[in-house]
Amino acid sequence: MVVDPFAKGGLQDAEAVLRAHGVDAYFRAVEGWTDDGFAVLGGRTVVMAGSNDYLGLSRDPRVIAAAVEALGRYGASVSGSRPLNGTVDLHERLEARIAGFLGQEAAAVATTGFQANLALAAALGPGDVAFSDARNHASLIDGLRLGTGKILTYRHGDLDHLRRRLTTAPAEGRLIVTDGVFSMEGDVAPLRGLRDLADEFDAKLIVDSAHDLGVLGTRGAGLHEAAGLEDRADLITATFSKALGSTGGVIAGPAANVTRLRYNARSLVFSAGLPPASAAAALQALDILEAEPQRRERLRRLARLLHDGLRAIGLDTRPSTTPIVPVAFPDMAQAGAFWAGLTEAGVVVNLVGPPATSRAMLRVTLTAAHDEGHAERVIQAFTRVADRLRTPRAAQPLPPVEIS
Ligand SMILES: Cc1ncc(COP(=O)(O)O)c(C=O)c1O
């Protein structure tokens, strides 16, 4: 039997199941934005409650102006890899700026956050073992898979299980690898416990701060800042495509670690450098992030409203304590029906499910580009759709969660 190598499961299978239920949830094109925080999709004005533009910077006029200026000065592409002709002075400024912001000695900019995580391959050699949280982002998993060492998964956030794994697995070098804030369910990694285990077992701790950069910490510098551990980081990876409203990725940490990966990681060496417009946008966004803490406060306020509003009508948003608000469903068909009802009501959220997540879910996010009125519309839409579909809910309103 000849097998079509292209015909392999994944999102396409999930989409086929949803389509059979009349739900068309993926690859829907945004046609534009209104000035008051609404998106235009399929000719309709909707609340986009699925974006990772946490601080609302991707359409900030200052960010756009910086990108336009860089486009005029450097062109649309660097037309080569970073070690050869593809480094511009903007990359160097951005690396110094973001290292300082994260409280790290050095940083190296990658073309995407995914590629920043693929760089981990260079740190996982023969004889080494990576201990990877079971719910880590696909890019961390793929980075480790490209390495030549062994990967052992530990149960999500379970420090006891990780300890057992560290105790029993023989290894030359050890890496502990985790998301900072988990991308789909919005819970926060137990960083202090992970750090202590890393120290005890002489392991390096690698934290992907994609969803906590700009969101957690008094300065917005992420999970290490929030936990008071900036001076004990081994490697932080992050993306510019979320709170920084741009595109690109970064690895940051002690200079020796960053330099090794800058020279050895194939995803950093063998790919064209970050487009100058994206570097300039990220640099400008960092300035705004620092100068305008009210954006982070608004993000937290809206997150609290969303969690409280959904929990008040008996929809559970655990385990999240962050602006990523998950609502779980028994299966994709029910999550899809709810998603379609929300879309009909003018609220677009993200419909996600296994294997990307542990369960069928709607992932809801509001950003600093939204206000209380948007939050109200989202909660009202959830209430109406839950009533109409008779969605199973807690009998009593659920108590508020403490936002991280
Ligand atoms: C936790 C995490 N890491 C890395 C990435 C990849 O970032 P980028 O979009 O810059 O490739 C994402 C994006 O979805 C993410 O959620």
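Eight residue pairs, both members at pLDDT 80 or more, are in polar contact between domain 1 and domain 2 of this predicted model. On the side of domain 1 that touches domain 2, helix H12 (293-312) and strand E14 (360-364) each supply at least two residues. Helix H12 provides the largest share of that side, with five residues. By residue class, the side of domain 1 that touches domain 2 comprises nine nonpolar, six polar and four charged residues.

The count of salt bridges between the two domains is one. A salt bridge also joins the side chains of arginine 359 and glutamate 185, with an N to O distance of 2.8 Å.

The two domains are assigned as follows: domain 1 consists of residues 11-48 together with residues 293-389, and domain 2 spans residues 61-291. Domain 1 contributes 19 residues to the contact, and domain 2 contributes 21 residues. The centres of the two domains, taken over C-alpha atoms, are separated by 27 Å.

The size of an interface is often expressed as the accessible area that is lost when the parts come together. For domain 1 and domain 2, the area buried between them is about 1,400 Å². Carbon and sulfur atoms account for 55% of this buried area.

Methods
Residues numbered from 1 in each chain as written. Predicted model: local features only at pLDDT ≥ 70, side-chain atom pairs only at ≥ 80, totals over all residues. Heavy atoms only, no water. Domains from an automatic or database assignment. Contact = heavy atoms within 4.5 Å. Buried area = accessible area lost by both parts, 1.4 Å probe. Salt bridge = Lys/Arg side-chain N within 4 Å of Asp/Glu carboxyl O. Polar contact = N/O pair within 3.5 Å; in protein donor to acceptor, adjacent residues only side chain to side chain. Helix = DSSP H or I, 4+ residues; strand = E, 2+ residues; numbered from the N terminus. Nonpolar A, V, L, I, M, F, W, Y, C, P; charged D, E, K, R; others polar.
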